[in-house]
Amino acid sequence: MTQILDGKKVAADLRESIKAFIQKKQISPHLVVFLTHSNPASSIYVKNKLTACAEVGMRTTLIEQPASSEAELTKLLASYATNKDVDGILIQLPLHQNIDTKYVLQQIPPEKDVDGLHPINLGKLVQADPSGFIPCTPLGICTLLDAYKIPIRGKHVVIIGRSITVGKPLALLLSQKGKDATVTLAHTATEHLEELCSSADIIVAAAGTPNLITPPMVKKTTTIIDVGINRVEGKIVGDVDPSVYQLCAAISPVPGGVGPMTIASLLQNTLKGYLAYH
Ligand code: NAD
């Protein structure tokens, strides 16, 4: 029987432990979220993040104001960047097409960069320096694998997708000393993807392509982490063909897998930001 990696449950447990810690210590970490580019998916993600924060006893401030230039956004950011009462800053992506995302992310002080996308935090990830913030989705995937005690050491992990928010940082994280996976990072130019996947112990599908993972790519022993969020005929689906579910050892479903883990990781990072400076 295929094991379902229930991200909803693992995330709920993690949120409970964060809430208990916050209550016990009588603290209230503060996250500021910037929503500057109108997009229905972004609005839903932001709402979910703010709700999750409130449920564990964190304070939030939502700055919902359109910005279509770096100068505008940097100006909005400035007072929060220096405010000692702000523990975490998150700029919801994507930004307006005229804005250089890399530039804006560099304006967040690294010690408040709870999304872990500032070059300093990405650099710390390369160095395996635990003082940095790890991007929320890769962090959540590792927590989910750990919760189900999925062996990683020495295993071949094929990650499909090389984005800065998911694939690349996850490849760094899983190949670190201590995790010790052997990672193949696949992307649109990768040849023989089917062959690569069929030799994997763990497949992480983070391409945003429905039905990308098909039966010939998996074995009975494969663990699959489905990161994809695709809207198909009004339904949210992942990157894994539904026929694969019966054929693998374990799989994280969409919805209810990586999504809730990403949000729980944001809470973890915000608490980490608070604790580092209090
Ligand atoms: P992205 O578009 O930035 O990157 C996608 C990557 O996949 C690219 O590197 C591309 O080379 C690769 N790719 C695309 N199609 C491919 C194919 N057919 N074969 C091989 N490689 C292919 O996307 P992203 O931001 O990394 O997100 C990926 C998916 O994960 C999206 O569906 C996104 O919605 C979802 N996502 C989910 C969560 C979550 O919390 N569940 C978080 C972030 C992203």
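1. Basis. The model is predicted, so local features need pLDDT of at least 70 and side-chain atom pairs count only at pLDDT 80 or more, while totals for chains, interfaces and linings use all residues. Residues are numbered from 1 along each chain as its sequence is written, and side-chain values use heavy atoms, with hydrogens and water left out.

2. Domains. The protein chain is assigned domain 1 (26–109) and domain 2 (136–259); such bounds come from an automatic or database domain assignment. The C-alpha centres of domain 1 and domain 2 are 28 Å apart.

3. The core. A nonpolar core is a set of buried Ala, Val, Leu, Ile, Met, Phe, Trp, Tyr and Cys residues joined through side-chain atoms within 4.5 Å. Buried means under 20% relative accessible area, exposed over 50%, and partly exposed in between (1.4 Å probe, protein chains only). The largest core here has 49 residues, and L174, V204 and I225 have the most contacts inside it. Helix 9 gives this core its largest share, eight residues. Domain 1 and domain 2 each contribute at least three residues to this core. In soluble globular proteins, nonpolar side chains tend to be buried together.

4. Contact means heavy atoms within 4.5 Å.

5. L170. L170 is buried, with a relative accessible area of 0%. Leaving aside neighbours within four places in sequence, L170 is in contact with P138, I141, C142, I159 and V204. The C-alpha atoms of L170 and L139 are separated by 7.7 Å, and the two residues are 31 residues apart along the chain.

6. T137. This residue is found in helix 6. T137 is buried, with a relative accessible area of 15%. Not counting residues up to four places away in sequence, T137 touches T165, V166, V227, V258 and T262.

7. K112. This residue is in the loop between helix 4 (101–105) and helix 5 (119–126). K112 is buried yet has no salt bridge, a salt bridge being a side-chain nitrogen of Lys or Arg within 4 Å of a carboxyl oxygen of Asp or Glu. The nearest side chain of opposite charge, E111, is 6.0 Å away; Lys and Arg count as positive and Asp and Glu as negative, with His and the chain ends not counted. The side chain of K112 reaches the backbone oxygen of N83 at 2.7 Å.

Technical notes
Helix = DSSP H or I, 4+ residues; strand = E, 2+ residues; numbered from the N terminus. Polar contact = N/O pair within 3.5 Å; in protein donor to acceptor, adjacent residues only side chain to side chain.
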